[in-house]
Amino acid sequence: MNARTHTPPLIRLDAQGLYCTAGDFWIDPWRPVPRAVVTHAHADHLRQGHGQYTVARPGLGLARARLPDDASVTGLDYGEALQINGVRVSLHPAGHVLGSAQVRVEHRGEVWVVSGDYKLAADATCAPFEPLRCHTFISECTFGLPVYRWPEPSVIGARINTLWREAAAEGVPLLVGAYALGKAQRILSLIDPTIGPIGLHGAVDALTTVYRESGVTLPATLPVAGQARGHDWAGALIIAPPSALNGTWARRFGAAPRVVASGWMTVRGARRRRGVDAGVVLSDHADWDGLLTAIDATGAQQVLLTHGHTAPLVRVLQQRGIDAGTLRTEFAGEDGSDAEAEADASP
Amino acid sequence: MKRFAALYLALDASNRSSRKLAALADYFADAEPADAAWALWLLCGERLRHPVPTRVLKLAAMRVSGIDEVLFADCYEAVGDLAETIALLLPDGGADDGLSLAAWIEQRIQALRGLDPDAQVQALAALWRCVDRGDAFVLNKLLTGGLRVGVSRGLALRGLAQATGLAAEVLAARLAGGWRPGVEAWQTLVSPAPSRPTGAQPYPFRLAHPLEQPPEALGAAGDWLLDWKWDGIRGQLLRRESAHLWSRGDESLDAGFPDLIDAALALPPGTVLDGEVLVADGDGVAPFSALQRRLGRKTPGKALLASHPAIFLAFDLLEHGGDDWRERPLWQRREALEALLAAPDGGLARIRPTPTVSAADWDAAVDQRQAARQLRAEGLMLKRRESVYGSGRPRGDWWKWKLDPYTVDAVLVYAQAGHGRRAGLFSDYTFAVWHDGQLLPFAKAYSGLTDAEMREVDRFVRRNTLETFGPVRSVRPELVFEVGFEGIVESNRHKAGLAVRFPRMLRWRQDKSAADADTLDALRCLLG
């Protein structure tokens with residue numbers, strides 16, 4: 001691997017976001033810039049007001065749905081290379097949500113990868129995470145503590161099915177609070193649709209439609225808003241953003257059990273604070289083992305961690321001889337323990 | 001163990017009483033007596049006495065999970081519960097080996113106590129291999145002490161009542177007085193044959209509720225008996241074959257209050273009194289802090305017994321001449337109580353009837369209540385003269401009518417993450433008042449805010465941290481809260497040289513800035 005000590009870093013943090021000096025473009029910038037490469041369509045990564053957007057082609061529909069009609073958005077196939085001012089840029093699956101990408105940036109033999117958000121676990125609604133070799137890896141670190149370890153997705157699916165059947169046996173619906181973009185569709189892909197009808201909150205419904213239009217096969221669903229006021233939801237699975245579970249919108253479901261699907265639900269305190277009946281440990285981020293595996297696979301000598309509780313992982317990486325540090329980005333989640341950040345950041 | 005762990009997790013998973021009740025009833029309906037006895041004892045809030053020191057438990061967890069102390073501390077801070085932190089860090093692959101709860105406790109957990117630390121670490125590693133991760137959490141709860149599963153003793157008893165067909169009040173009475181789990185004890189507990197408290201067993205305490213309306217709503221003042229509401233601890237003093245003192249929390253106070261036990265032996269056998277344990281100050285009562293010195297000692301020395309003599313101010317007579325008097329009207333019980341304690345052969349200076357408060361009408365009662373603080377009382381108790389003591393939890397005839405708390409506007413200066421439901425949320429606060437241009441801490445409080453307010457303060461703390469001292473953060477002194485408390489004494493616990501009793505947040509004064517907060521001098525004025 002090349003020594004890079006005398007050149008300025010290929011990617012650095014400036015007031016707008018992660019900036020590639022040689023290529024004069026930004027990755028997931030939070031203030032308006034002329035040219036943005038965007039890892040995925042979550043609101044803290046995809047913001048309005050940039051001159052030109054580049055996203056992975058499978059995420060084009062989601063990006064367009066979340067940006068004004070006149071935004072200039074270009075899709076790039078996974079693995080396809082783009083030259084920006086002499087810098088080679090390519091996008092590779094991150095396994096986070098539909099169209100999520102890692103950004104690989106290569107300049108004069110030096111390779112940096114910006115992970116965006118990612119997970120290693122299987123997800124039928126998006127392409128699997130692709131390990132990339134690089135010199136420097138800028139990684140997310142949302143769940144950067146060893147207490148966060150995810151169960152197998154099949155176990156989670158079975159757990160939701162069990163809760164759903166129990167609710168159905170009591171003649172009530174089951175309300176599941178999940179991120180409207182990504183997590184909700186992943187749940188749709190994990191559950192057994194023969195148990196009963198599935199109703200979607202408006203925010204979830206709109207994005208699920210985009211998923212279908214983008215070619216993802218999902219079970220049949222009903223928009224809750226499209227049904228008559230007195231519609232009988234007994235035995236149904238209702239998916240809504242977590243913030244809707246305890247609001248006026250959810251009142252129509254009466255005392256139906258409410259569960260939240262989130263990685264934070266690992267910890268009882270977070271679950272009890274939410275005041276829900278059960279927590280389902282389901283995250284679209286890497287768990288502790290996933291972070292270590294992914295970082296290890298890059299072979300990177302320098303690892304910069306962004307959002308999350310970064311200090312413990314920085315320490316562990318340094319103990320392994322990796323030059324690790326923290327980049328203070330404005331991506332969601334002020335702190336690893338801020339349960340509400342993940343649950344509510346999505347509209 | 002598996003069944004008990006499943007019960008625990010079911011109780012923990014639901015925030016609905018009806019589901020918890022059903023889970024409890026299911027469990028008790030067919031659990032083995034030895035297991036059921038331990039389960040009930042644990043659910044009632046009892047704990048195994050430190051089978052292993054916390055230090056050893058942490059060490060074993062770090063070894064097994066292969067992480068160092070710093071990372072372990074980071075995890076603990078995020079999770080906020082030691083038992084849970086360890087369970088989350090254990091390697092996968094543990095599997096249940098089918099041993100019953102009673103066998104787990106009696107053969108495995110209690111056996112840890114005698115081992116040296118190295119052997120304890122080894123033994124713990126072996127125990128963790130015998131449970132899966134969810135059950136490991138329950139095991140760790142047993143190892144660290146309390147279960148705190150959000151089941152009240154009352155709910156546990158209702159579950160048992162549903163499973164056995166016995167009234168919850170009957171079960172409560174049979175459990176009172178240091179019940180210990182065991183097969184025989186279980187069979188006596190759930191026996192359909194009627195019984196009443198004997199030996200060292202107290203009666204279930206009757207509780208009073210806060211008066212939330214003007215006293216005029218209670219009808220004629222003459223129908224009510226007024227007592228001082230003392231700031232001590234509620235106790236039941238028994239004189240049967242021997243003498244016993246129980247707190248309302250069903251804790252034995254025998255060892256801590258030998259002076260009261262001795263005095264009770266002078267009472268006629270077959271006597272049970274309800275009253276307040278206090279420390280005497282001449283003819284009056286000492287502040288609660290004096291009683292705390294007595295409560296702080298398992299067995300008080302001679303000097304402390306002499307400098308802080310305990311008294312028992314009796315306000316009710318539950319058993320008299322060996323008969324149960326609880327269904328008699330209050331006025332009758334009080335007459336008999338006063339006669340009993342006035343009897344010349346009694347001479348019981350330590351056990352006294354609480355002084356009567358006379359008020360011809362509610363206006364006079366209001367004046368009396370205002371006088372409470374001079375006597376170091378917290379207000380008045382209002383009890384209907386005709387009321388029975390009863391055996392359940394009747395509501396309506398006994399009210400506590402406390403004085404409004406002291407209040408002060410104070411600035412939030414330190415915050416610490418909470419535990420349990422508040423794990424990872426900055427919910428424990430230290431408050432300060434002004435003195436010579438500096439903010440001096442005087443109280444810690446963690447109750448009184450709504451969940452939404454707490455989340456907002458949590459966000460403030462995260463964004464306005466000045467310094468971090470382990471789990472404690474100093475924050476920009478900007479937020480002002482109205483802090484309420486019940487009493488105030490000189491103390492060196494806080495920099496302000498004062499300590500307050502029962503501090504809690506009454507209101508978030510978003511209308512005030514730090515400069516508007518109160519001063520130490522204002523606080524000292526309340527010392528009286």
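The model is predicted. Its cavities of 30 Å³ or more number 7, and 22 aromatic pairs occur over all chains.

**Second largest cavity**

- The second largest cavity has a volume of about 70 Å³.
- Its lining comprises 8 nonpolar residues, 4 polar residues and no charged residues.
- Strand E5 (52–56) and helix H1 (60–66) of chain A each contribute at least two residues to this lining.
- Among the lining residues are A:Val38, A:His40, A:Leu46, A:Val55, A:Leu62 and A:Leu98.

**Helix H3 of chain B**

- Helix H3 (residues 33–43) of chain B is largely enclosed by the rest of the structure, because 9 of its 11 residues are buried.
- The buried residues include B:Asp35, B:Trp38 and B:Trp41.
- B:Gly45, which follows H3(B), has a positive phi, near 100°.

**Aromatic pairs**

- The ring centres of A:Phe143 and A:Trp150 lie 4.8 Å apart with planes at 85°, so this pair is edge-to-face.
- A:Phe143 is buried at 0% relative accessibility, and A:Trp150 is buried at 16% relative accessible area.
- A cluster linked by ring pairs contains A:Phe143, A:Tyr148, A:Trp150 and A:Trp264.
- B:Tyr8 and B:Phe137 also form an edge-to-face pair, because their planes stand at 80°, with ring centres 5.7 Å apart.
- That pair links distant parts of the chain, joining helix H1 (residues 2–13) and helix H9 (residues 133–144) of chain B across 129 residues.
- B:Tyr8 is buried, with 1% relative accessible area, as is B:Phe137, with 5%.

**Charges over rings**

- B:Arg108 lies over the face of B:Trp104, 4.6 Å from the ring centre.
- B:Arg373 lies over the face of B:Tyr406, 3.9 Å from the ring centre.

Technical notes: Residues are numbered from 1 along each chain as its sequence is written. Chains are lettered from A and ligands numbered from 1 in the order in which they are written. This is a predicted model: local features need pLDDT of at least 70, side-chain atom pairs count only at pLDDT 80 or more; totals for chains, interfaces and linings use all residues. Side-chain values use heavy atoms; hydrogens and water are left out. On a 1 Å grid over the protein atoms alone, a cavity is a set of points where a 1.4 Å probe fits but cannot get out, and a pocket is an open set with protein on both sides within 12 Å along at least five of seven lines; lining residues have an atom within 4 Å of a point. Grid points are joined across faces, edges and corners, and a volume is the space filled by probe spheres set on the points. Helices (H or I, at least four residues) and strands (E, at least two) are DSSP runs, numbered from the N terminus. Ala, Val, Leu, Ile, Met, Phe, Trp, Tyr, Cys and Pro count as nonpolar, Asp, Glu, Lys and Arg as charged, and the others, Gly among them, as polar. Buried means under 20% relative accessible area, exposed over 50%, partly exposed in between (1.4 Å probe, protein chains only). Rings of Phe, Tyr and Trp (its six-membered ring) pair if their centres lie within 6.5 Å; planes under 30 degrees apart count as stacked, over 60 as edge-to-face and the rest as tilted. A charge sits over a ring if NZ of Lys or CZ of Arg is within 6 Å of the ring centre and within 35 degrees of the ring normal.
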